[in-house]
Amino acid sequence: MLYIVDTANIEKIKHCIEFYPVAGVTTNPTIISREHSDFKGIITEIKNIIGPDRMFHIQLTGDTCDEMAKEAHALRDLIGENLYVKIPISPEGLKATMRLHKEGFHITETAIFTQQQALVAAKAGADFVAPYVNRLDNIISDGVNVVHEIVELFKLYDLSSKVLAASFKTAEQVHKISLVGCHAATVNPDILDTLIYHPLTMYAIDDFKADWKNVYGEKKIIDMI
Ligand code: E4P
């Protein structure tokens with residue numbers, strides 16, 4: 001499963017890129033607006049930090065297929081081949097998905113809440129579909145089950161589209177979608193930190209250090225070989 005980081009905060013992206021095996025960055029208009037920064041400046045900075053080998057998912061803001069297509073072309077000129085245009089699912093969004101897919105764009109269909117939205121988006125040419133796990137859980141639906149059924153549908157119909165689960169509030173939700181074969185998860189940096197944290201791990205590391213120091217003092221392996 002790919003781990004992707006769901007933020008436009010430069011310092012947090014740098015932290016995640018340095019310490020975690022991050023496959024890319026996702027943003028949406030809400031995430032970008034939180035930074036209160038110039039749009040072109042911020043996406044250019046993110047592009048430079050993540051480099052050409054990580055995916056960069058940027059959501060379009062146009063309302064019509066034509067508006068979305070213009071934005072997609074302008075973004076690709078700026079970002080390059082690792083751009084994934086995020087398109088919220090709607091009739092105009094699907095029209096844009098079919099058109100941009102034919103033009104060779106990478107597409108992530110977003111704001112997915114049902115299995116059939118995902119299937120239709122995949123048939124339209126979306127590379128990824130992004131179901132919103134926590135928002136589903138919040139309405140007493142079952143986000144993990146929606147992800148699971150989309151994964152199964154893509155297998156059943158031999159579709160190459162992948163599931164990029166989004167909207168997480170807990171590490172438990174991320175764990176559960178990983179168990180059902182979800183291809184990718186986009187998480188905020190705090191969840192990424194939480195995924196690897198365990199107090200027993202901290203105790204174990206402290207014990208190793210203390211036992212070593214008792215015998216070898218401040219020396220490290222490199223000082224003794
Ligand atoms: C993904 O890119 C989604 O836009 C995002 O994960 C939504 O998360 P939220 O439900 O926390 O706003």
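Q: Which helices and strands each supply at least two residues of the lining of the largest pocket?
A: They are α2 (29–33), α7 (133–138), β8 (184–187) and α10 (189–196). Helices are DSSP runs of H or I with at least four residues, strands are runs of E with at least two, and both are numbered from the N terminus. This is a predicted model: local features need pLDDT of at least 70, side-chain atom pairs count only at pLDDT 80 or more, and totals for chains, interfaces and linings use all residues. Residues are numbered from 1 along each chain as its sequence is written, and side-chain values use heavy atoms, with hydrogens and water left out.

Q: What makes a residue part of the lining of the largest pocket, and which lie closest to its centre?
A: A pocket is an open set of points on a 1 Å grid over the protein atoms alone, where a 1.4 Å probe fits, with protein on both sides within 12 Å along at least five of seven lines; a lining residue has an atom within 4 Å of a point. The largest pocket holds about 500 Å³ of space. Of its 27 lining residues, the closest to the centre are Asp 6, Asn 28, Ile 31, Arg 34 and Lys 169.

Q: Where does the ligand sit?
A: The ligand sits in the largest pocket. That means more than half of its atoms lie within 2 Å of the pocket's grid points.

Q: Which residues surround the ligand?
A: They are Asp 6, Thr 26, Asn 28, Lys 86, Tyr 132, Arg 135, Ala 166, Ser 167 and Lys 169. Each has a heavy atom within 4 Å of the ligand. By class, this shell has 2 nonpolar, 3 polar and 4 charged residues.

Methods:
Ala, Val, Leu, Ile, Met, Phe, Trp, Tyr, Cys and Pro count as nonpolar, Asp, Glu, Lys and Arg as charged, and the others, Gly among them, as polar. Grid points are joined across faces, edges and corners, and a volume is the space filled by probe spheres set on the points.
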